[in-house]
Amino acid sequence: MQKGFRALLTMAALLATVAAADAQQTADPRVADIVRAGKVRIGLHLPQFVQDKKTGEIRGSGTGTVIVPIAQALADRLGVKLELVGHPAPPVLIDCLKAGHCDMGFLGFTEARTKNVDYATPHIMVPFTYLVPANSPIRSIADADKPGIRIVGVRNHASTHALHDVIKHATMIDVTIPDEAFELVRSGKADAYASPRPPILEYAKQLPGSRVLDGHYGANIQAIALNKGQAARLAYVSAFVEDAKASGLIQKAITAAGERGIVVFPQDSPILTGTVPGGGKH
């Protein structure tokens, strides 16, 4: 009896192994390597996330509170574990994609970045605006572009690229990370912090009397980026994004996050940061 039981266990193990191998073989060839690896490595950059200093766990922040559930839904579709990879700035995330250490990443779309990465269909859009301190004379977007006004932005971020295109009179200050930009406003060394709306809404809580301006000078079109030369995989990811928009998944992620100012990217939206990527559709 024992021998027979052991034989059944052995057979069950063999069948499970064969089934797993079959599943890998029948996986969509566009993502078969990710399925075989058992995980998808998805890159984020500040200020999309916060990282627990003790555990190293990455959690969404600002737009990241919407992005992370979308990333999890993509991992679920692939049938693999989600591994989030945090970076201090967009250029470092792009380097991760180019080196093959990230499978894909969430990145604001700019025309300049298309030299290094390809973009899937956009999924959300976030307005760019200003955080100003208490008693600031800056009441509107137009008020910020005047001689003597100092506007700080984070170097290489889409919001800063857009700002350089529209500012004619104010003085621009570029810094490396969002905390530096906020500190310049808090210390009075800058008059306005230019950024996507969600992160500066959070910073405003730390500066009594500060305001986040209505209106916008541009918008962050968020899309999933891949290293260049992966047209088939790009089409797979774009199809996932279109399904996620049509099913309401992305709107649910926005609602659950409670993020003001983020909208599902509309099909016929006017583009404020460049031409919308084709998303691998041919």
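Student: How many aromatic pairs does the count come to?
Tutor: The count comes to five aromatic pairs. One that is stacked joins tyrosine 130 and tyrosine 217, at 5.2 Å centre to centre and 25 degrees between the planes. The rule takes rings of Phe, Tyr and Trp (its six-membered ring) with centres within 6.5 Å; planes under 30 degrees apart count as stacked, over 60 as edge-to-face and the rest as tilted. This is a predicted model, in which local features need pLDDT of at least 70 and side-chain atom pairs count only at pLDDT 80 or more, while totals for chains, interfaces and linings use all residues. Residues are numbered from 1 along each chain as its sequence is written, and side-chain values use heavy atoms, with hydrogens and water left out.

Student: Why does tyrosine 130 count as buried?
Tutor: Because its relative accessibility is 1%. Buried means under 20% relative accessible area, exposed over 50%, and partly exposed in between (1.4 Å probe, protein chains only). Tyrosine 217 is buried too, at 12%.

Student: And why is the pair of phenylalanine 182 and tyrosine 203 stacked?
Tutor: Because the ring centres of phenylalanine 182 and tyrosine 203 are 4.8 Å apart, with the planes at 20 degrees. Phenylalanine 182 is in helix α7 (residues 178-186) and tyrosine 203 in helix α8 (residues 197-204), so the pair ties together parts 21 residues apart in sequence. Phenylalanine 182 is buried at 2% relative accessibility, and tyrosine 203 at 10%.

Student: How many residues of α8 are buried?
Tutor: Seven of its eight, so α8 is mostly covered. Among them are Arg197, Ile200, Leu201 and Tyr203.

Student: What covers them?
Tutor: The cover includes β7, α7, β10 (192-196) and β11.

Student: New topic. Which residues is threonine 63 in contact with?
Tutor: Leaving aside neighbours within four places in sequence, they are Gln48, Val126, Pro198 and Ile262. Contact means heavy atoms within 4.5 Å. Threonine 63 lies in the loop between β3 (58-60) and α3 (64-78), and is buried at 8% relative accessibility.

Student: What volume has the largest pocket?
Tutor: About 360 Å³. Of its 16 lining residues, the closest to the centre are Pro47, Val50, Ser61, Asp179 and Tyr203. On a 1 Å grid over the protein atoms alone, a pocket is an open set of points where a 1.4 Å probe fits, with protein on both sides within 12 Å along at least five of seven lines; lining residues have an atom within 4 Å of a point.

Student: What gives the most to the lining?
Tutor: Helix α7, with five residues. β2 (49-51), α7 and α8 each supply at least two.

Student: How many disulfides does the count come to?
Tutor: One, with a disulfide taken as a pair of cysteine sulfur atoms within 2.5 Å. It links cysteine 96 and cysteine 102, with the sulfur atoms 2.1 Å apart. The link is right-handed, with 85 degrees about the S-S bond.

Student: Are those cysteines buried or exposed?
Tutor: Cysteine 96 is buried at 9% relative accessibility, and cysteine 102 is buried at 4%.

Notes: Helices (H or I, at least four residues) and strands (E, at least two) are DSSP runs, numbered from the N terminus. Grid points are joined across faces, edges and corners, and a volume is the space filled by probe spheres set on the points.
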